[in-house]
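Hi,

Here is the structure I promised to pass on. Have a look at it first, and then read my notes below.

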Amino acid sequence: MGDRPYILLSCGMSIDGYVDAAGDERLILSNDADFDRVDDVRASCDAILVGAETVRRDNPRLMVRSPERRQARVARGQRPSPIKVTLTEKGDLDAGAAFFQTGDVEKLVYCASSAVGEARHRLGGHATVVDGGQPVDLRRMAEDLYARGVCRLMVEGGGTVHTQFLTECLVDELQLVVAPFFVGDSRAPRFVGDGAFPWNPDRRATLAEVRQVGDVALLRYALSPRCGV
Ligand SMILES: NC(=O)c1ccc[n+]([C@@H]2O[C@H](COP(=O)([O-])OP(=O)(O)OC[C@H]3O[C@@H](n4cnc5c(N)ncnc54)[C@H](OP(=O)(O)O)[C@@H]3O)[C@@H](O)[C@H]2O)c1
């Protein structure tokens, strides 16, 4: 267990379990107080990971926003923001994306073996491209991150990535925020896809905390003994 980071999966969803709208417009699920809470969680981590589709669709910066939190990290001998991590099978990522262009931090791209050459050509000046297997093996990736000094990893989507981390039993803590509305369109992406999840009617997860943050609810689940309840 000690050979991989503590993995915290953070996600916001609608009451009916969707994490985005069906169309091109970006769906805001959280509120200001919860964005600030997420910023605090980010500041406590060594690395933040999202899937390549989230990089392409949402173009996130994945940085700590609060100047005080950035300063506190620097005072602890860390970079102002955590390392950024993504994974891809096709390697089709734009070096101009905010993921690569913002923040004086290391960017790691775990790429399927077949696309490593192309990805290095495309992203080489902006990120370290790591051969992650075919497809990328998440457990191996987690071990490699740990070997690079990542002790606490935050996973921030999307659903394809969540599904794999959860079904492969790699998540120590789940922070799920439920926004007070429905999406009601099954074309929209969901929190997770189909899979054999270790938590089921015969093996219930441990609910560690329920917290109201303005108009959203934070549900914190302890999914491994490493998560302090
Ligand atoms: N509400 C929230 O908290 C939240 C957070 C983040 C994202 N989202 C939403 O989630 C949606 C995107 O989710 P998504 O499920 O479509 O995509 P995703 O999970 O962000 O990314 C999926 C992509 O990651 C790569 N990938 C995943 N597993 C891999 C593996 N084992 N090996 C190699 N590559 C792998 C592939 O990239 P390639 O296609 O490049 O091969 C795959 O297409 C967006 O609508 C976004 O807005 C919501």
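How much accessible surface does the protein have, and what share of it belongs to carbon and sulfur atoms? The accessible surface comes to about 11,100 Å², and carbon and sulfur atoms account for 49% of that. Keep in mind as you read on that this is a predicted model.

Now for the overall build. You'll find 7 helices and 9 strands in the protein. Its radius of gyration is 17 Å, close to the 17 Å that the globule rule gives for 229 residues, so the protein is as compact as a globular protein of that length. If you like to picture a box, the C-alpha atoms fill one of roughly 45 × 40 × 40 Å, taken along the principal axes.

Next, the inside. Of the 229 residues, 50% are buried. Take the contacts with a separation of 6 or more: 70% of them are between residues 24 or more positions apart.

On to charges. The protein carries 29 positive and 33 negative side chains, and the centres of these two sets lie 3 Å apart.

The partners are F99 and F100, arranged edge-to-face, with 4.9 Å centre to centre and 70° between the planes.

Cheers

Key
Residues are numbered from 1 along each chain as its sequence is written. This is a predicted model: local features need pLDDT of at least 70, side-chain atom pairs count only at pLDDT 80 or more; totals for chains, interfaces and linings use all residues. Side-chain values use heavy atoms; hydrogens and water are left out. Helices (H or I, at least four residues) and strands (E, at least two) are DSSP runs, numbered from the N terminus. The radius of gyration is taken over C-alpha atoms; the globule rule is 2.2 Å times the number of residues to the power 0.38. Buried means under 20% relative accessible area, exposed over 50%, partly exposed in between (1.4 Å probe, protein chains only). Contact means heavy atoms within 4.5 Å. Accessible areas come from the Shrake-Rupley method with a 1.4 Å probe; for residues, only the protein chains shown count as cover. Lys and Arg count as positive and Asp and Glu as negative; His and the chain ends are not counted. The place of a charge is taken as NZ of Lys, CZ of Arg, CG of Asp or CD of Glu. Rings of Phe, Tyr and Trp (its six-membered ring) pair if their centres lie within 6.5 Å; planes under 30 degrees apart count as stacked, over 60 as edge-to-face and the rest as tilted.
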